[in-house]
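Q: Hi, could you walk me through the charged side chains in this one? I'd like to go pair by pair.

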Amino acid sequence: MKGVVFKMNDVMKAMLERRSIRRYTDEMPSEGMINDIITCGLYAASGRNFQCVKIIAVTNKEKRDQIAEVNRQIGGWDEGFDPFYGAPVILIVIADKTKPNHVYDGSLVMGNLMLAAHSLGLGGCWIHRAKQEFEGDFGKNMLEELGITGEWEGIGHLALGYTDGENPQAPERTPDRVYYIK
């Protein structure tokens, strides 16, 4: 890890080692692990401490596959493609549209979820198209079934599970991305 000249702690190590995983086993993580990851997500910083983000944990295979199919159609992929790469769990992050920083707050939650998953030995990948899902009837119906009222925007999905294979290596960092004013 080029440029690191201090003692790395576990959080920093997870930040440097976490990668997006696109191959999962079908083994379901324990409920305790899923709940610990969700708790870490809920502790993300939020603008003015509004805590305007909700997480929908999907562990039911039938519902997970329905969400995958809607996501596939939005993405325009061929029938049979799984945009969640076989992950048995989907954590969906939604945020209250009435709060000015809802997208940023939801993004911080997604980051916490990914780091927490990695720290527990699980793989994760941020999957987009949640915004479009919750603008359509499928997402609106899901919120209604869950008793969630108000104006919500889909921020992202975390595909979550045990990695099938080795974690990918980090590509080299693009140069000229940091400037100092001293």
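A: Happy to! Let's start with Arg-64, which counts as buried at 5% relative accessibility. Keep in mind that this is a predicted model.

Q: Which side chain does Arg-64 meet in a salt bridge?
A: Arg-64 pairs with Asp-65, at 3.2 Å from N to O. Asp-65 is partly exposed, with a relative accessible area of 31%.

Q: Which residues are linked with Arg-64 and Asp-65 in a network?
A: Lys-61 and Asp-82 join Arg-64 and Asp-65 there, linked by salt bridges.

Q: Nice. And how many salt bridges turn up in the whole structure?
A: A search of the whole structure gives eight.

Q: Let's move to Glu-69. Which partner does its side chain have in a salt bridge?
A: That would be Arg-72, with 2.6 Å from N to O.

Q: Where do Glu-69 and Arg-72 lie?
A: Both are in helix α3, which covers residues 61-75. They sit three residues apart, about one turn of the helix.

Q: Buried or exposed: what about Arg-72?
A: Arg-72 is buried, because its relative accessible area is 8% and the cut-off for buried is under 20%. Glu-69, at 29%, counts as partly exposed.

Q: New topic: what does Arg-23 pair with?
A: The side chain of Arg-23 forms a salt bridge with that of Asp-164, at 3.5 Å from N to O. This pair links distant parts of the chain, 141 residues apart.

Q: Where are Arg-23 and Asp-164 found?
A: Arg-23 is in the loop between α1 (10-17) and α2 (31-42), while Asp-164 is in the segment after β4 (152-161).

Q: How accessible are Arg-23 and Asp-164?
A: Arg-23 is exposed, with a relative accessible area of 52%. Asp-164 is partly exposed, at 33%.

Q: Now Asp-96. Which strand is it in?
A: Asp-96 belongs to strand β2, residues 89-96.

Q: Which side chain of opposite charge is nearest to Asp-96?
A: That's Lys-99, 4.3 Å away. Asp-96 is buried yet has no salt bridge.

Q: Why doesn't Lys-99 count as a salt-bridge partner for Asp-96?
A: Because a salt bridge needs the nitrogen and oxygen within 4 Å, and Lys-99 is 4.3 Å from Asp-96.

Q: Then what is Asp-96 in contact with, leaving aside its neighbours within four places in sequence?
A: Asp-96 is in contact with Cys-52, His-102, Glu-151 and Trp-152.

Notes:
Residues numbered from 1 in each chain as written. Predicted model: local features only at pLDDT ≥ 70, side-chain atom pairs only at ≥ 80, totals over all residues. Heavy atoms only, no water. Helix = DSSP H or I, 4+ residues; strand = E, 2+ residues; numbered from the N terminus. Buried < 20%, exposed > 50% of the residue type's maximum accessible area, 1.4 Å probe, protein only. Lys, Arg positive; Asp, Glu negative; His and termini not counted. Contact = heavy atoms within 4.5 Å.
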